[in-house]
Amino acid sequence: MVSQSTEGSSKTKQISIEAAAAHFFNGMTLMVGGFGGVGAPPGLINVLIDRQIKDIYMISNDTGFPWIGPGKLITEKRVSRLIASHIGSNPEAGKQMQNGELAVEFIPQGTLAEKIRAGGMGLGGILVDVGFGTIVEKGKQTVEVQEKTFMVEPALTADVSIVYAKQSDTYGNLIYDKSARNTNPLVAMAGNVTIAEVEEIVPAGQLDPECVVTPGVFVDYIVQSKGVDWKWVWELKQDTK
Amino acid sequence: MGLGIETRHQIARRAALEIERGMIVNLGIGIPTLVADYIPGNYGVMLHTENGILGMGGSPPPGKEDGNLSNAGGYPVTLIPGASYFDSATAFGIIRRGLLDITVLGALEVSEQGDIANWIVPGKRVPGMGGAIDLAQKSKKVIVLMNHSDKEGNPKIVKNCKLPLTVKRGAHMIITEKAVIDIENEKLVLREVMYPHSVEEVVESTGAPLEIRNEVMTFQ
């Protein structure tokens, strides 16, 4: 019988942002949580830029805006390959794609989210019919299951995943903030190393287990966030009014 | 889109008439976003967003914005009673499972069979499909809101799309600044003209045959 402990996991996963930077390397595959930059981890993105990490193979829902979220990595030309569903809000990404600096693979948003989820869930891939009749189906392996035809979409994982959460305990259990949840729980599961940037870190035992969205077992390290250091598009529009 | 603000609202107002009580609806960026202004508050309509909200409300008053509560375009929103948050995979599970009653989106071209092209202009702009393919393929009813013609005056409603498709045979209805058109059995049926345009004008500026079955009403 396992002896009962009231201590729980006493080892904290909290590290400094500098220590987190040691897990980044040139040429790594990097998954970034967030949607339009909302829910992207600002401090971890900044440290990637400060440490001159380059030639990144980035996987993210989108490329945010040129000065917001993963968009900054594009603007700073740190990304050489990209998997995303949308780059429309970041003209810099479009420019780099046109001139050949950035190789982009587009995947329908729901399929991309599910491929990431599958990676995090330890699956080989997913079967999906979204995109039949469009160029999405080009070159895809198909399979017939229960008299329906699906495309085989391999799962996605990454060397490093970076996510943002509102709250965590020292074990890395994560709770997100409103629509800043978006791709973060999926990305958190799919990293070989997952680093969460968190607004509020509390001791293990202080979070209601019923409210935890991402179990800490998926999270390797947590760092304290200093909040976003960019202005949202709607703030800029208000400024110019 | 090059349409005046009043015309954009006229299109949105017409689109909102398609929305019934209790429906689950996704509104795209641009004119589709304006549709929300015309859905009666007591309809219990639940607006869905790709980033992970069901039960999205209108814009917050100035000063009450929350950077972590936004629509899929990144703009601040509020919630209505009964709302929930979920991750993006779940947001698209809702779509693929066929739970969306209506999707309203913009397009570059729509064919008479209901093919939609809206995510790639070869050699020009390639923004990516975002969630458009999932939404257009899996929603029960797909309403396209767009200009009747492109900037050069060419029809955007055509016999066959020239641009890469978002979905094959996905559109059920097209609303432009000139007309309301249903797509039935791969044919275009002219339902209404938008004030102040005439039937002749609509027929002339549409790149595929329009069927006229009953009296064509004018939407003010």
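Q: What relative accessibility does A:Ser80 have?
A: This is a predicted model: local features need pLDDT of at least 70, side-chain atom pairs count only at pLDDT 80 or more, and totals for chains, interfaces and linings use all residues. Residues are numbered from 1 along each chain as its sequence is written, chains are lettered from A and ligands numbered from 1 in the order in which they are written, and side-chain values use heavy atoms, leaving out hydrogens and water. Buried means under 20% relative accessible area, exposed over 50%, and partly exposed in between (1.4 Å probe, protein chains only). A:Ser80 counts as partly exposed because its relative accessibility is 24%.

Q: Which side chain makes a polar contact with the side chain of A:Ser80?
A: A:Ser80 sits in strand S3 (residues 79-84) of chain A. Helices (H or I, at least four residues) and strands (E, at least two) are DSSP runs, numbered from the N terminus. A polar contact is a pair of N or O atoms within 3.5 Å; within protein, one must be able to donate a hydrogen and the other to accept it, and residues adjacent in sequence count only if both atoms are side-chain atoms. At 2.5 Å, the partner is A:Asp55.

Q: How far apart are the C-alpha atoms of A:Ser80 and A:Leu102?
A: Contact means heavy atoms within 4.5 Å. Beyond four places in sequence, A:Ser80 is in contact with residues including A:Glu101, A:Leu102 and A:Ala103. A:Leu102 is 22 residues from A:Ser80 along the chain, yet their C-alpha atoms are separated by 4.9 Å.

Q: Which residue's backbone nitrogen does the side chain of A:Thr29 reach?
A: A:Thr29 belongs to strand S1 (residues 29-32) of chain A. It counts as buried, because its relative accessibility is 18%. At 2.7 Å, its side chain reaches the backbone nitrogen of A:Asp159.

Q: How many bridges join S8(A) to strand S10 of chain A?
A: Two strands pair if DSSP finds at least two bridges between them. S1(A) runs parallel to S8(A), and A:Met31 has A:Ser161 as its bridge partner. Strand S9 (residues 174-175) of chain A runs antiparallel to S8(A). S10(A) runs parallel to S8(A), and the bridges joining them number ten.

Q: Which residue takes a positive phi in the hairpin of S8(A) and S9(A)?
A: S8(A) spans residues 158-169, and nine of its twelve residues are buried. The hairpin has four residues between the strands. The phi near 95 degrees belongs to A:Gly172.

Q: How many residues apart in sequence are the parts that A:Lys72 and A:Asp229 tie together?
A: A salt bridge is a side-chain nitrogen of Lys or Arg within 4 Å of a carboxyl oxygen of Asp or Glu. A:Lys72 and A:Asp229 form one at 3.2 Å, N to O. A:Lys72 lies in helix H3 and A:Asp229 in the loop between strand S11 and helix H7 of chain A, so the separation is 157 residues.

Q: What is the relative accessible area of A:Glu153?
A: A:Glu153 forms a salt bridge with A:Lys140, their closest N and O atoms being 3.0 Å apart. A:Lys140 counts as partly exposed because its relative accessibility is 28%. A:Glu153 is buried, because its relative accessible area is 4%.

Q: Which residue in S9(B) stands opposite B:Ser111?
A: In chain B, three strands form an open, mixed sheet in the order S7-S6-S9. S6(B), residues 109-111, pairs with S9(B) in the parallel sense over two bridges. Opposite B:Ser111 stands B:Val158.
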